[in-house]
Amino acid sequence: MLFRIRCEFIYIKFLVIAGIYIHIPFCKQACHYCDFHFSTSLKKKDDLIQCLVKELRLRKNELGNEVIETIYFGGGTPSLLDRDELSLLIDAVYKFYIVSEHPEITLEANPDDLSVKQINELKTTQVNRLSIGIQSFFERDLKLMNRAHSQKEAKASLSLATQYFDNISLDLIYGIPGLSNEEWIENIEIALSYNVPHISCYALTVEPKTALESFIKKGIIDDVDDDLAQEQFYILVEKLEASGFVNYELSNFGIPKYISKNNSAYWLGKPYLGIGPSAHSFNGDQRSWNVSNNTKYIKSIQKNELPVEREVLTITDKFNEYVMTGLRTIWGVSLKGVELSFGNNYKKYLLQQSEIYIKQHLLYIEDDKLLTTKKGKFLSDGIASNLFKINLS
Amino acid sequence: MKIPSMKNIRNFCIIAHIDHGKSTLADRLLDYTGSVTDREKQDQLLDNMDLERERGITIKSHAIQMDYEYEGEKYVLNLIDTPGHVDFSYEVSRSIAACEGALLIVDAAQSIQAQTISNLYLALENDLEIIPVLNKVDLPSANPEEVTDDIVDLLGCTPEEVIHASGKTGFGVDNVLAAIIKRIPAPKGDPTAPLQALIFDSVYNTFRGIETYFRVFNGEIKKGQHIKFVATNKDYYADEIGTLKLNQVAKQSVKAGDVGYLITGIKTAKEVKVGDTITDFAKPTTNIVEGFEDVKPMVFAGIYPVDTEDYEDLRASMEKLQLNDASLVFQPESSAALGFGFRCGFLGMLHMEIIQERLEREFDMTVITTVPNVSYHAYTNKNPDEAIIVNNPSDLPEPSTLNRVEEPYIKATIITKADFVGNVMSLCIEKRGNITNQTYLTTERVELTFEMPLAEIVFDFYDRLKTVSKGYASFDYHPIGMKPSKLVRLDILLNAQTVDALSALIHADNAQYIGRKMCEKLKELIPRQQFDIPVQAAIGAKIISRETIKALRKDVTAKCYGGDISRKRKLLEKQKKGKKRMRQVGNVEIPQQAFMAVLKLND
């Protein structure tokens, strides 16, 4: 098993060159927990798609000669786009960028959008991977989170999608108030019964200024319970690993050949271009992000101006980000990598800061890599924070 | 201009409760007499520390001279502005001693408060002429008739003698000035006698050293004169003297009856003691100004640098602070939990807060302050007549060797509304107070007098008093000596390890309650860590209370994609900076505010 994982790592490392993320900022309705950028008004959809195409053109030189290996439609709800709209955007990518021979092209889709008709249409586009937002197979949970689909639609969409696509990921959410461990196991088992090769599972997180936060504050919904979330995470890892999945990142599980190339790029510090309102880009040294407002985005692009803010990462920023993301993944933080990219002082500092966590069995070193233990993984933010280099002013 | 003779000088101070408009009215006086130009104008002119302006309080005494023409004659008016808080009552008493009159400013809506009364008594003891001023008469909530009655009752004056004014609009300022000239007596003194001057304050100036503020009673002080400070028995040459306009005005001499400043090249405030007498070195006065006291600190606490490496910087900062605040005393101490720091003595709780804030603002030193305590006297069986001064919990001898302990008591005066007498009384009794007097100043306002341990003031007294009286209580105290006490040291254990900096000296009867509250508060303040942390309160080997800070189970965000990375990194960096400010005791990280937890038990 370990050997195969390492092969995967090398595979990703050498073949993922750059990715393009396209943000589709529309939803039919707002999920209570979501703090992403979206609008439930579809009025500006046509204008926005024109602008996405135009932004792809305006930024065509930003990635230089890098080969695009992944295209990812995220949202929002990208499954609101029809075949022509998707093709328009994919064609634009091909027109303005160098795309590899077999790119991974993912579409995030909501179960209620995946009708027979739409699946058939999708099959005619170049989309070759679906990420389906199931979240739960229990009606009560879907209502609590204000999802647009029902439990029935969740199951139907999977039955259908698996007939047309083999590269499918589904999303589940755990730690939902009221979700018992037994129900969580049931959710996992139903998901596994569809034989999808990739599953993303997120602990329900109460983000500021969301409906969920407000309901919890008012006492309408119970607060999330970290102890329960931790138990359900352990159940999850055990169940999925038993079925041949690799927990390659905290919230992501894949059958080895199906580890998401797009996601991995973020954690491996690879460049990516984010197109659309609120989308983030990274070119190795500099991070930039578009304005989180559809109207402002459209106005700006129409004037041939990128509605973007940028920040240049210092060496320390990069080190901190590498530690933070590395600890979440199966690839860990490579000590050799730290030495080569940041210097021996950083490596020494990292080892010295890690010592206490190694003693507490939250971190361990294997094959010259710093990794989180099973227990450490669920505490990895706090640990990463302590491993950070900080310039105290 | 010719210097007016003594009969045209008036020296006065202002007595007022906090927020009754003292500084604003002072601004109006300066304005009206043309002592400030428009360019120099700003609010609370005399309170030149940022801290004073922000909090609306006066911490240091200030003096300013105004020129004013009244009925064809020129007058010099010296206003001595005094601090308004009980922590600084000695400084207030010295400022009062430098004056012949006082403006008693009373808020027309809030009437007389305890602090005002105790300062008023001080002024009356010094035979000052009191001019009552009813301020803020323009407020919609003003109640001039009733408050005038209160003032008449208190002073035994006539209602006509009470001047109505508004610092906000400037209304009545002319009447105030007229009253200062007509009612306050001119200073008396013999300009030919040997020099006798009272030091009422000093200020540290980075470039010029200590500036001493004084009032000349007899004789005169001349530039270059060889002078002597009586209490410290040190002599100097008067390098520069002058009077205090908005800026200092250098003079050749300052004569009997007048107020001025003196620069001698003194570098540390310790050499200039408020209340000391300045005289001529060769021809000293036989007449020392009465009432000099060496001010003693009342409250002690440890001050430690947040970053242990900053110890030397902290020492340098404290030394500099001491240059302009002689009432601050400190000596090095060390703590297993906090490293090297200082045990500091303060005049009171406000003074402690001020020092802490000034360290932060003026010296950029962030510090951890430990639980404050008063100064106890402990006697051991071996040496039952020799007091051991206990300024630090760790100084308390072993209980088995202890003969007895004495603690400082105060006489506390509280003025409140009749409705709240019950609440205030039960608070004071809970705080081990004994009521000694209850006087109805008016049908609505009651003065309560208690004898109580000073230590009880240190623990959340002000906040509680404010709560039980809905803000309608004012408080003043002065020390009345030591009394026997049942004292224990309450220790706190985190993860089974005693944290010395969290120990507190507490009366035995309160130990159980405070121990439980401490554990609860620390559970709230100490962030969950990767393991369970037992929090225990103990007296000697006996555990009296316990809580557990449960281990952190989840400390990771579920999603971390392109858009999240930067934001998340910044968040974790901030978290790390926050942790840098925590103290590690064993495995446990303790945030700064935990060390003061005992003061906020009821928040």
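Q: How many residues of chain A are in contact with how many residues of chain B?
A: This is a predicted model, where local features need pLDDT of at least 70, side-chain atom pairs count only at pLDDT 80 or more, and totals for chains, interfaces and linings use all residues. Residues are numbered from 1 along each chain as its sequence is written, chains are lettered from A and ligands numbered from 1 in the order written, and side-chain values use heavy atoms, leaving out hydrogens and water. Contact means heavy atoms within 4.5 Å. On that rule, the residues of chain A in contact number 50, and those of chain B number 30.

Q: What area do chain A and chain B bury between them?
A: Buried area is the accessible area (1.4 Å probe) that two parts lose on being put together, summed over both. Here 55% of it is on carbon and sulfur atoms, and the area comes to about 3,500 Å².

Q: Which residue of chain A forms a salt bridge with Arg528(B)?
A: A salt bridge needs a side-chain nitrogen of Lys or Arg within 4 Å of a carboxyl oxygen of Asp or Glu. The rule finds eight of them across this interface of chain A and chain B. For Arg528(B), the closest N and O atoms are 3.6 Å apart, and the partner is Asp227(A).

Q: At what angle do helix 12 of chain A and helix 13 of chain B pack?
A: Helices here are DSSP runs (H or I, at least four residues), numbered from the N terminus. Axes are lines fitted to C-alpha atoms over the stretch in contact, and angles run from 0 to 180 degrees between N-to-C directions. These two axes lie 10 Å apart, and the angle is about 100°.
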